[in-house]
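Colleague: Hi, could you walk me through this one while I have it open?

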Amino acid sequence: MVALETGRTTVPFRQFVLKMHSRCNLACTYCYIYAGPDRSWRARPRLVPTATLRQSALRIAEHARAHRLREIRIDLHGGEPLLTGPGPLLDQAAALRAALPAGCTAEFGVQTNGTLLTPELIDTLGAAGFRLGLSLDGGTPGLNHRRVDHAGRPSWPAVSRAVRMLADRPGVFAGILSTIDITTDPAEVYGSLRALGPPVLDFLLPHANWSSPPPAPLGPARRTPYGDWLCTVFDLWWDGGPGPRVRLFTEIIGLLLGRPSSSEAVGLSPVVALVVDTDGAIEQVDSLKSTYEGAAATGLDVFHHSFDEALAHPGMAARRRGPDALGAQCRSCALMRVCGGGNYAHRYRAGPSGFANPSVYCADLERLIRHIAARLAAAM
């Protein structure tokens with residue numbers, strides 16, 4: 001194990017996000033990668049080279065061996081990873097399986113916008129052990145009006161076909177990621193997504209910070225518009241009987257019951273994920289790219305550096321220090337161990353305070369956590 005300068009013994013990486021293609025066939029109006037402040041994607045190879053693919057597999061195996069890991073998670077991302085076709089995805093999985101030490105298993109996932117999925121592609125990836133997650137804003141054309149291609153054409157016709165195909169293959173369907181739009185009706189969004197039959201729903205707060213605030217609600221100002229939106233969805237989910245697991249809600253419930261978190265959205269558990277981009281650069285999670293140019297960069301790459309060196313990088317270490325990484329306001333808050341300061345990227349403010357601030361969604365998170373705690377207490 002690698003000792004950090006603070007004297008703590010760090011937790012190894014267990015999730016590896018491998019960029020397969022650095023471009024996307026959609027131009028979603030809220031995308032923080034292609035419309036955000038970090039433009040590093042422009043200089044990177046569109047398709048991951050074979051040498052980078054193989055070296056990434058060797059570095060992951062090296063890390064698994066050094067830390068005696070029994071299982072890891074591999075997420076193939078982009079851009080849009082299916083722009084590569086199935087070949088590189090299958091090659092990456094084969095390289096990893098060949099390199100991993102005995103006794104270490106890998107779970108493989110692909111996060112896609114769904115527009116390129118076909119029955120044959122789903123079956124091919126499913127047979128190779130992949131599970132496919134969709135990015136989707138809702139289960140109707142109107143709710144997905146922000147997800148358009150570069151010519152402004154809607155993605156919904158292609159994605160709706162993809163959802164039906166995945167619903168027929170539940171063993172391959174990993175779930176849906178949905179970025180919250182507070183101009184929408186939360187009941188309509190949740191009901192339409194639930195009707196698609198995903199095993200998991202992951203509602204994401206739009207990546208924003210104090211220097212680049214989140215979209216404000218239309219009409220009269222509200223103190224907690226995102227918290228109110230999520231509380232409505234929580235009640236529908238809590239009272240609605242069997243349905244998908246909603247990751248944000250189950251994470252908060254677990255934290256209220258004293259369990260550790262497994263998400264960077266809430267809680268204080270150390271971040272266990274890193275990113276390898278198409279040029280082999282080792283980076284922190286993509287959400288940091290919503291803050292400023294180069295925020296996710298480490299200066300390391302898989303050809304010259306191990307993942308243990310990435311563990312000791314100051315940026316990585318800062319997100320693994322628990323309460324010590326929080327500002328004074330968060331450390332004195334009664335909800336600190338549940339909220340955990342929220343997503344690290346959402347704490348940023350340009351200037352000397354940097355990330356040592358409450359989340360820009362602080363009030364919203366408090367509203368949601370207290371609401372869930374009240375519902376949980378009443379049920380118990």
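Colleague: Which residues in helix 6 meet helix 7?

Modeller: On the helix 6 side they are Leu-230, Val-233, Phe-234, Trp-237 and Trp-238, and they meet Leu-248, Phe-249, Thr-250 and Ile-253 in helix 7. Contact here means heavy atoms within 4.5 Å, and helices (H or I, at least four residues) and strands (E, at least two) are DSSP runs numbered from the N terminus. This is a predicted model, where local features need pLDDT of at least 70 and side-chain atom pairs count only at pLDDT 80 or more, while totals for chains, interfaces and linings use all residues. Residues are numbered from 1 along each chain as its sequence is written, and side-chain values use heavy atoms, with hydrogens and water left out.

Colleague: How do the residues of that contact divide into nonpolar, polar and charged?

Modeller: The contact of helix 6 with helix 7 has eight nonpolar residues, one polar and no charged. Ala, Val, Leu, Ile, Met, Phe, Trp, Tyr, Cys and Pro count as nonpolar, Asp, Glu, Lys and Arg as charged, and the others, Gly among them, as polar.

Colleague: And at what angle do helix 6 and helix 7 pack?

Modeller: Helix 6 (residues 225–239) and helix 7 (residues 247–256) pack at about 85°, and their axes are 11 Å apart. That makes helix 6 roughly perpendicular to helix 7, a label for angles of 65 to 115 degrees. The axes are lines fitted to C-alpha atoms, for helices over the stretch in contact, and angles run from 0 to 180 degrees between N-to-C directions.

Colleague: What lines the largest cavity?

Modeller: There are 19 lining residues, with Gly-267, Ser-269, Val-271, Arg-319 and Arg-347 nearest the centre of the largest cavity. Its volume is about 180 Å³, and the lining divides into seven nonpolar, seven polar and five charged residues.

Colleague: What about the second largest cavity, which residues line that?

Modeller: Among them are Lys-19, Trp-41, Gly-78, Gly-79 and Asp-277. The second largest cavity holds about 80 Å³. Gly-78 and Gly-79 are also joined by a cis peptide bond, with omega near 25°. Gly-79 sits in the loop between strand 2 (71–77) and helix 2 (86–99).

Colleague: And the second largest pocket, which residues lie nearest its centre?

Modeller: Cys-330, Cys-333, Leu-335, Cys-339 and Cys-362, out of 14 lining residues. The second largest pocket has about 170 Å³ of space. Helix 12 gives the largest share of that lining, four residues.

Colleague: Last one: where is Arg-68 found?

Modeller: Arg-68 is in the loop between helix 1 (50–66) and strand 2. Arg-68 has a positive phi of about 50°, although it is not a glycine.

Notes. Parallel < 35°, antiparallel > 145°, perpendicular 65-115°, else oblique. 1 Å grid on protein atoms, 1.4 Å probe; cavity = no way out; pocket = protein on both sides within 12 Å on 5 of 7 lines; lining within 4 Å. Points joined across faces, edges and corners; volume = space filled by probe spheres on them.
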